[in-house]
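I set out to record, entry by entry, what I looked up in this structure. The notes follow the order in which I went through the chain.

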Amino acid sequence: MQNDIKRLAVVGGGTAGFVSALILKTRFPSIHIDIICSKRIGIIGVGEGSTEHWKEFMDHVGIDQYEMIKECDATCKAGTLFKDWGVPDFMHSIQTGYDQKSGQYPLLYGRQIGNGLGSQEIQSARFWENKVNTWFIARPDEFVTNQYHFNTNTLNEFLTKIANKKGISIIDDDIVDVDLTEDGAIGDLIGKAGRYTYDFYIDSTGFRKVLISKLGAKWISYSEFLKTNTTMVFQTPDTDEYNIYTTSKAMKSGWMFRTPTWGRWGNGYIFDKNHITPEQAKLEAEEVVGHEINVGNVISFDPGRLDRVWIKNCVAIGLSASFVEPIEASSIGTSIQQSFLLMHRLINYNPAVIDSYNNSVTSILENIRDFVCVHFVCKRRDTEFWKDVADIKLPDSLKEKLDLWKNRLPITEDFAGRSNFQLFKDLHFLMVLHGLEWFDVPAIKTEYDMLNVKLHMAADSELDKHKIHHNSTVGISHKKFLQLIRDGVR
């Protein structure tokens, strides 16, 4: 089946809409791509952190990291620090060079966990010190990090500029309805200012799902697995220093994120409205930050996904397709992965391609669901919310793996048969489970000790190299490093 796609519309002007448009325009410069969005609607602007997939997006589109840092008020993100989860504070961050394996076995982490080292002992001291190696100042082509925190509004302005440079037209209109063809595909978009016809459509209209809902897509809720359902977001003033990580602090009825961007901090309390009201959540958040806050927005959500994100000539990307839970900043990463996946399936698609795409996206979203669920397999039990979390059902796919991982570390094979575009793999699960003290450490030590002596020596040698490198390189304050970038020194 030939599909002559000459004109493509992305409806929605948030991060998901721009990401999908830029990825597809870069790959298919001959396709005319318009972004149709309403300035009156604006963007939700809740998530301000990315996963490491942001670097792949920048590489593909040709975005300079230093230009992006300056124009998006961005800060570097090395990982996520988890506080007050019923265990000592721990970091989810896969360090450069620590992903070495023997076959699929995570050699360095196996050695350290087996020897009883905690999360803070394994992670680089630079993370906890909020420092960047000065090594990067003299090497502008090296990426400081693969993930960032953004000011969502300046990010939107930056992506608008990049889209204009690539010849993507941005039309200011509010799409209010959709006309379908006889075979149930999208024929025309009906806006307040006019009608629009294209060969293919991407629905990035967020929770409104303006296009995909007309094609019969149904919502599949994850609420039986995930307790949080409300987000309260707010900003706090600038500080003398910025963390080089996102902070996820467990609260009485959920958890709170704090992400630094240049000039301010973005914050949010994600909670269960069955246990706390927005007014109570505001008071609890004020206890944490130490002053009164101005709540920017309170958003209710039902965690889950669409049963089909691709129907006929329309694909839903972004919040219109899914919203699992923001604890691992997976929303932008999902939009990137969905767009890359679509890039490989768009030309000459047929029903089999559509089914394959939908199956792959389901795999991506179930992977995120399972990874988010892992964070709540914790020891905290001091409030009714956390007692409820302890009793919540786990997805069968996760429960089976947790039984395996009690006595051995996750490996690549544990994710076989699923999409290669999944966001979270063996080392991601390993780092969080280790922080939550899930592993039977004597069993993990036995697993490591059974390796041959040469592998033991290789692990010790590699860890010594990392220690020497850390001791020989000079660290600079994260905020000072960002100031140098903004001043044009780097």
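**Entry 1: helix α13.** I began with helix α13, residues 426-435, in this predicted model. Ten of its ten residues are buried, so α13 is largely enclosed by the rest of the structure. I listed the buried residues as D426, L427, H428, F429, L430, M431, V432, L433, H434 and G435. I then read on past the helix and noted that E437, which follows α13, has a positive phi near 60°.

**Entry 2: strand β19.** I next asked how many of the eight residues of strand β19, residues 264-271, are buried. I found eight of the eight to be buried, so this strand too is largely enclosed by the rest of the structure. In a regular strand, side chains alternate between the two faces of the sheet. I therefore sorted the residues of β19 by side, since its eight residues are all buried. R264, G266, G268 and I270 are buried on one side, and W265, N267, Y269 and F271 are buried on the other.

**Entry 3: the partners of β19.** Which strands are joined to β19 by eight bridges? One is β16, residues 230-237, which runs antiparallel to β19 and is joined to it by eight bridges. Within this pairing I located M232 opposite Y269 of β19. The other is β18, residues 254-261, also antiparallel and also joined by eight bridges. Here I noted R258, whose bridge partner in β19 is N267. β18 and β19 form a hairpin with two residues between them. In that turn, G263 has a positive phi of about 100°.

**Entry 4: helix α2.** I turned to helix α2, residues 53-61, and found H53, W54, F57, M58 and V61 buried. Seen down the axis of α2, these buried residues fall within an arc of 150°, so they line one face of the helix. I then asked what covers the buried residues of α2. The cover includes α1, α3 (65-71), β9 (147-149), α7 (152-165) and α9. After α2 comes G62, with a positive phi near 90°.

**Entry 5: the six-stranded sheet.** I traced an open sheet of six strands in the order β10-β2-β1-β14-β23-β22, with mixed pairing. Its edge strands are β10 (169-172) and β22 (310-311), each of which pairs on one side only. Two bridges join β22 to β23, residues 314-316, and these two strands run antiparallel. For I311, I recorded C314 in β23 as the bridge partner. Helix α9 packs on the sheet, touching β14 (200-203), β22 and β23. I noted that the direction of α9 makes about 155° with that of β23.

**Entry 6: α1 against α9.** I looked up how the axes of α1 and α9 lie relative to each other. The two axes come within 9 Å and cross at roughly 30°. Angles under 35 degrees count as roughly parallel, and α1 and α9 are therefore roughly parallel to each other. Their crossing is right-handed. On the α1 side of the contact I listed T15, A16, V19, S20, I23, L24 and R27. On the α9 side these meet I332, S335, I336, S339, F340, L342 and M343.

**Entry 7: G17.** I stayed in helix α1, residues 15-27, to examine G17. Is G17 buried or exposed? Its relative accessibility is 1%, so G17 counts as buried. Leaving aside residues up to four places away in sequence, G17 touches V10, G12, I35 and S204. I also noted that G17 and G318 are 301 residues apart in sequence and 7.5 Å apart in space, C-alpha to C-alpha.

Notes
Residues are numbered from 1 along each chain as its sequence is written. This is a predicted model: local features need pLDDT of at least 70, side-chain atom pairs count only at pLDDT 80 or more; totals for chains, interfaces and linings use all residues. Side-chain values use heavy atoms; hydrogens and water are left out. Helices (H or I, at least four residues) and strands (E, at least two) are DSSP runs, numbered from the N terminus. Buried means under 20% relative accessible area, exposed over 50%, partly exposed in between (1.4 Å probe, protein chains only). Contact means heavy atoms within 4.5 Å. The arc is that of the directions from the helix axis to the C-beta atoms. Two strands pair if DSSP finds at least two bridges between them. Axes are lines fitted to C-alpha atoms, for helices over the stretch in contact, and angles run from 0 to 180 degrees between N-to-C directions. Angles under 35 degrees count as roughly parallel, over 145 as roughly antiparallel, 65 to 115 as roughly perpendicular and the rest as oblique. A crossing is left-handed if the near helix is turned anticlockwise from the far one by less than a right angle, and right-handed if clockwise.
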